[in-house]
Amino acid sequence: MHIVYLNGSFMPIEEACVSVTDRGFLFGDGVYEVIPAYGGRLFRLPHHLQRLQDSLDGIKLSNPLSESEWTQLLERLLQHNRDRAGNNNDQSVYLQVTRGTSRKRDHNFPAEIHHTVYACSNPIPEPDPAVERDGVSAITLDDIRWAWCNIKAITLLPNVLLRQQASERGAAEAILIRDGYAIEASSSNIFIVHDGTLITPPKSPVMLPGITRDLVLELAEQHGIAYREDNITEEALHSADEIWITSSTREIVPVTRLDDKSVSNGLPGPVWKTMLAFYRQYKDAVRSGNAN
Ligand code: PDD
């Protein structure tokens, strides 16, 4: 049975209902997180909870739960859904906090806040061998989103429309260009490799500070891979030796075609292979309780 959490209770997903007066439904007034768990252990949980706090601060909404309450809730959720996960017990948690319900539809915040807190988990599918063998294709599109993309807001209509355009052109992702610079993708961060150096855009209000992104930089530092945080012009993106996209659900994926042209020789590159091995090593350490 698929069990979810809603406002203090665990219940079958079919029974979980949210009011039509919820501000998440009416205004997209809420934030979310996506957190992988490997072998039942939540991956980089403190980082995700810090980003959740930053997102809540960004929309001036109090945090309904303490760090230990979040941890307990998410661990219980994983436990409830253990039977649905495969032998490896890898699950992905989605959590959402909205500014709750209010009687009248009013743009102003309600005087009294009753948050809506929702969380669910789903099994993480095995990595697709075709993606590792061939990579994926991406297209570039204008970044039509707002100016506060550092907030992980549930208001994802621009991201949805951009991703749909990519899908309709047979691409796995849309890399977003703002003022001539590649910022990130519709639901992932971006990296390029140029002359052996790994480059990713610096954190800024127009980009989501990805947890996977930060881990990739940590691993580069730890293992002596040359890297820098720097703006990536559209030209640099198009002449990159390698392009990767990163996210909690996709991990690190090589982009081998961009705008219908091959990236280098059109195959996943050597720096990506090295980084993927370090990333997998780190995941195994989390699984066995030697990292978080
Ligand atoms: N998205 N940038 C955007 C716009 C994202 O939506 C995401 C993640 C990322 C990568 O962040 P992280 O490494 O912390 O997952 C970057 C999630 C997975 C989603 O919306 O489902």
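**The ligand shell**

The shell around the ligand comprises five nonpolar, eleven polar and four charged residues (Ala, Val, Leu, Ile, Met, Phe, Trp, Tyr, Cys and Pro count as nonpolar, Asp, Glu, Lys and Arg as charged, and the others, Gly among them, as polar). The model is predicted: local features require pLDDT of at least 70 and side-chain atom pairs pLDDT 80 or more, while totals for chains, interfaces and linings use all residues. Numbering starts from 1 along each chain as its sequence is written, and side-chain values use heavy atoms, without hydrogens and water.

In total, 20 residues surround the ligand, each with a heavy atom within 4 Å of it. Tyr32, Arg51, Glu184, Thr212 and Ser248 are the closest. At least two shell residues come from each of strand 3 (30-38), strand 9 (181-185), helix 6 (211-222) and strand 14 (242-247) (DSSP runs, numbered from the N terminus; helices are H or I, at least four residues, and strands E, at least two). The ligand lies between domain 1 (3-123) and domain 2 (129-287), because both give residues to the shell; the bounds come from an automatic or database domain assignment.

Side chains reach polar atoms of the ligand. An N or O atom of the tyrosine 32 side chain is 2.6 Å from a ligand oxygen. For serine 248, a polar side-chain atom lies 2.7 Å from an oxygen atom of the ligand. Lysine 152 places a polar side-chain atom 3.2 Å from a ligand nitrogen.

Conventions
Polar contact = N/O pair within 3.5 Å; in protein donor to acceptor, adjacent residues only side chain to side chain.
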